[in-house]
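Here are a few friendly notes to read beside the model.

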Amino acid sequence: MASITHLFATFFLLSLLACSSTNAQLTANFYATTCPNLQTIVRNAMRQAVAREARIGASVLRLFFHDCFVNGFDASILLDDTATFPGEKNVLPNQNSARGFEVTDAIKTNVEAACNATISCADILALATRDGVVLLGGPSWAVPLGRRDSRTASQSAANTQIPAPVSDLATLTSMFVAKADGSGNTNLAPLDTLTPTRFDNNYYRDLVTRRGLLHSDQELFNGGSQDALVRRYSINNAAFFTDFAAAMVRMGNISPLTGTNGEIRRKCRMVN
């Protein structure tokens, strides 16, 4: 089973990028009056999903990560291919590996029943990601809300903007900096050897002992600029949790659609 922490392998880089900005239109209480039970609905659905399969918490987070890296966080990864545009689900970084779409579909159905045509799929994915992390023992954070959904997807951007598992440290860093301005098979392996279904800092302990499975993992601790931070996280779980939560908020604030831009999709797999 893939480690949940591995899927956030380079997220801590983002927490170092001071140039990333927040969007003033996003607020944690955006739906306080229009859908007051939103967070409870999402949390209950994620609790059920994680109880069925612990791995789903990592899968939903991966959707969040890959969506944020393609033209901003706008739920474009959730769109199915259509006759007018090829979506992002089947590009090389996602092919046979992106999963969790049924979970976001189920949550959207529950949310629509309570608050019709009010909550974006992007905000649902942001909340589901946070709750999945918490349910697997990770930190919590206040999720800024108020995003709208894109009306299209970008296959070409997905193929070029998502970091690859063979990237070196310079490439990883430059790709994260740019946002602050797989082999495709079905094999699974424990990328955290100690607690593969828990969210904790054992991933960094593996890196320090040179047991990173993927090339891009071990690049984070390989005599380069991030060695000190990896060592810090390997011995200080609280520091990792704090920085991770801050990085998640920053990532969710990458070019959101707000105001009259985009739309509130009725179904996450298709535009209205």
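The points below go through some salt bridges and their partners.

1. A word on the basis first: this is a predicted model, where local features need pLDDT of at least 70 and side-chain atom pairs count only at pLDDT 80 or more, while totals for chains, interfaces and linings use all residues. Residues are numbered from 1 along each chain as its sequence is written, and side-chain values use heavy atoms, with hydrogens and water left out.

2. How many salt bridges does the count come to? The count is 9, taking a salt bridge as a side-chain nitrogen of Lys or Arg within 4 Å of a carboxyl oxygen of Asp or Glu.

3. Have a look at Lys108 and Glu112, whose closest N and O atoms are 3.0 Å apart in a salt bridge. Lys108 is buried at 2% relative accessible area and Glu112 is buried at 13% (buried means under 20%, exposed over 50%, partly exposed in between, with a 1.4 Å probe and protein chains only).

4. Arg130 and Asp131 also pair through their side chains, with 2.7 Å from N to O. Arg130 is buried at 6% relative accessibility, and Asp131 is buried at 4%.

5. Salt bridges with shared partners link Asp80, Lys89, Asp105 and Arg269 into one network. Within it, the side chains of Arg269 and Asp80 meet at 3.3 Å, N to O. Arg269 is partly exposed at 24%, and Asp80 is partly exposed at 26%.
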